Amino acid sequence: SSDVCSSDLSLLYQDLAFLAVSPCSSKETPLGSLRSTETQTRLAVLSGDGRSEARRYRSLLNQAERLRLTILSLSRLRKRLERENHGHPLVVKITELLETSSRLLLAVSEVIVSGQILGVSPQYLAKVEEITKTIRELQKDPPQSAFLSAVLADLVYQTDSLAGKLRAIVELALKTTTEGIEARSEEHTSE
């Protein structure tokens, strides 16, 4: 059951990684929607399971769904911005943020399925934080256009949300590794 859960979650995080770098289309079901539903169904068996591993898997699933919605919101903001002002520097920042997030999510996917800390590099989270800070600082000198002001306000909210979710996901994923489980066990033993 644990292997099935980790495999399903890993595939869901891979889909989220691909969603982050895929063009946004309003005519198709967003990538990750079907996988999210399937994973929720498969992990429903854990609903009554009180073990810490089951709770972590459920938390990773909940965070994945929240993250999927944030990625979709950011992709749609980028598309709106491209349509209204194609050369705007925020388009580049959003793209950079989503690409960095995609690399991080692929690394998280590997951690979930392997149980080993592999490619989750602190540089990914640091880059996400750096881009988020850059976008947030743009609010200090708001754009003259009402459209750009509204997009920037939403963008700041979504990027802060994305950064927080990614931090939580990395923390949860690392707790599913052999090292994370051993460290947790040592914490409980010393209490």
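A residue counts as buried when its relative accessible area is under 20%, as exposed when that area is over 50%, and as partly exposed in between (1.4 Å probe, protein chains only). The model here is predicted, with local features needing pLDDT of at least 70 and side-chain atom pairs counting only at pLDDT 80 or more, while totals for chains, interfaces and linings use all residues. Residues are numbered from 1 along each chain as its sequence is written, and side-chain values use heavy atoms, leaving out hydrogens and water.

Now for the salt bridges, where a side-chain nitrogen of Lys or Arg sits within 4 Å of a carboxyl oxygen of Asp or Glu. By this rule there are six of them. Lysine 93, partly exposed at 24% relative accessible area, pairs with glutamate 96, with the closest N and O atoms 3.4 Å apart. Both lie in helix H4, three residues apart, or about one turn of the helix; helices here are DSSP runs (H or I, at least four residues), numbered from the N terminus.

Over in helix H5 (residues 122–137), glutamate 130 and lysine 127 are likewise separated by about one helical turn, being three residues apart. Their closest N and O atoms are 3.5 Å apart in a salt bridge. Glutamate 130 is partly exposed at 44%, and lysine 127 is partly exposed at 27%.

Arginine 167 forms a salt bridge with glutamate 129, the closest N and O atoms being 2.2 Å apart. Arginine 167 belongs to helix H6 and glutamate 129 to helix H5, so this pair ties together parts 38 residues apart in sequence. Salt bridges with shared partners also join Lys93, Glu96, Lys127 and Glu130 into one network.

Conventions. Helices (H or I, at least four residues) and strands (E, at least two) are DSSP runs, numbered from the N terminus.
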